[in-house]
Amino acid sequence: MTKLDQLVERIHALPEAARTALALGCAQRLMNHHLSLPPAQRDPFTEALAPDLTLLWEALSVPSPKADAALRKLLKKHSSEPYADQIGRNGWPRGDDHPFAAAMYALKAYCLSDAKFGVGSAMRLIDAASDMAGSISEGLGEDLMSPRAKLRRQEATRPETNRVTAAIGLMGREGTTAGSLKKLRKIFEGGELGQFRGRNGSA
């Protein structure tokens, strides 16, 4: 069983609210990265989901029927918007789909109570770091299957995998409380997405 397989099993074993919190932490990290890009590189369709993540944090902190209804309404709205059914497909027309997909997974984790969305958001975070490393390798003219390119991807994904692992442990130990949510946000706030340093000294 691979490390990622183990992460998937541990996510499935978390209580529902803890899985949603994990999905939200991963989505927030991807969204923060997206919003840090120059304006010309941001996708308005993705940016429009940023306020939804704020509402999700509030709903997890202070659960209420009103918050449930508002978030279910948002999910229904977003699910019917253009491109919503194209996430993850070849030819996605709006550039990087990781932050959009993770935000939708977090919303679905809250509203639909399915563990696969917690897993999906976590995998999106790890895949985003891998894709960034792959882009660097392509820019350097490296064979993506070469040992150097593989090492670059491993070093890029390791920090994100470690964050997900730490978040799973935290939520498993402490559950979903105001204190644990604050700690969770700190786990996902540190460092830039995919930040790593290769053995040759290049970032």
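A word on terms before we start: the axes used here are lines fitted to C-alpha atoms, for helices over the stretch in contact, and angles run from 0 to 180 degrees between N-to-C directions. Keep in mind that this is a predicted model. Two packed helices are described by the angle between their axes and the distance between the axes.

**H7 with H8**

- Helix H8 covers residues 147–174, and its axis lies 8 Å from that of H7, at an angle of about 155°.
- Angles over 145 degrees count as roughly antiparallel, so that is how H7 sits relative to H8.
- The crossing of these two is right-handed.
- On the H7 side, the contact is made by Ala-122, Leu-125, Ile-126, Ala-129, Ser-130, Ala-133, Gly-134, Ile-136 and Ser-137.
- H8 brings Ala-149, Arg-152, Arg-153, Ala-156, Thr-157, Glu-160, Thr-161 and Val-164 to the contact.
- Sorted by class, the contact of H7 with H8 has nine nonpolar, five polar and three charged residues.

**H7 itself**

- H7 runs over residues 115–139, and at 1.5 Å a residue its 25 residues should span 36 Å; the end C-alpha atoms are 36 Å apart, so the two agree.
- At the start of H7, Asp-114 has a side-chain oxygen within 3.0 Å of the backbone nitrogen of Lys-116.
- Just after H7 comes Gly-141, with a positive phi of about 75°.

**H2 with H7**

- Helix H2 (residues 16–36) and H7 cross at roughly 30°, and their axes come within 8 Å.
- Angles under 35 degrees count as roughly parallel, so H2 and H7 get that label.
- H2 passes H7 in a left-handed crossing.
- From H2, the residues that meet H7 are Arg-19, Ala-23, Cys-26, Ala-27, Arg-29, Leu-30 and His-33.
- Their partners in H7 include Phe-117, Ser-121, Ala-122, Leu-125 and Met-132.
- This contact of H2 with H7 counts ten nonpolar, three polar and three charged residues.

**H5 with H6**

- Helix H5 (residues 65–79) and helix H6 (residues 98–112) have axes that come within 10 Å and cross at roughly 130°.
- That angle makes H5 oblique to H6.
- Their crossing is left-handed.
- Among the H5 residues in the contact are Leu-71, Leu-74, Leu-75 and His-78, while H6 supplies residues including Met-104, Leu-107 and Tyr-110.
- The contact of H5 with H6 divides into nine nonpolar, two polar and three charged residues.

Terms used
Residues are numbered from 1 along each chain as its sequence is written. This is a predicted model: local features need pLDDT of at least 70, side-chain atom pairs count only at pLDDT 80 or more; totals for chains, interfaces and linings use all residues. Side-chain values use heavy atoms; hydrogens and water are left out. Helices (H or I, at least four residues) and strands (E, at least two) are DSSP runs, numbered from the N terminus. The expected span of a helix is 1.5 Å times one less than its number of residues. A polar contact is a pair of N or O atoms within 3.5 Å; within protein, one must be able to donate a hydrogen and the other to accept it, and residues adjacent in sequence count only if both atoms are side-chain atoms. Angles under 35 degrees count as roughly parallel, over 145 as roughly antiparallel, 65 to 115 as roughly perpendicular and the rest as oblique. A crossing is left-handed if the near helix is turned anticlockwise from the far one by less than a right angle, and right-handed if clockwise. Contact means heavy atoms within 4.5 Å. Ala, Val, Leu, Ile, Met, Phe, Trp, Tyr, Cys and Pro count as nonpolar, Asp, Glu, Lys and Arg as charged, and the others, Gly among them, as polar.
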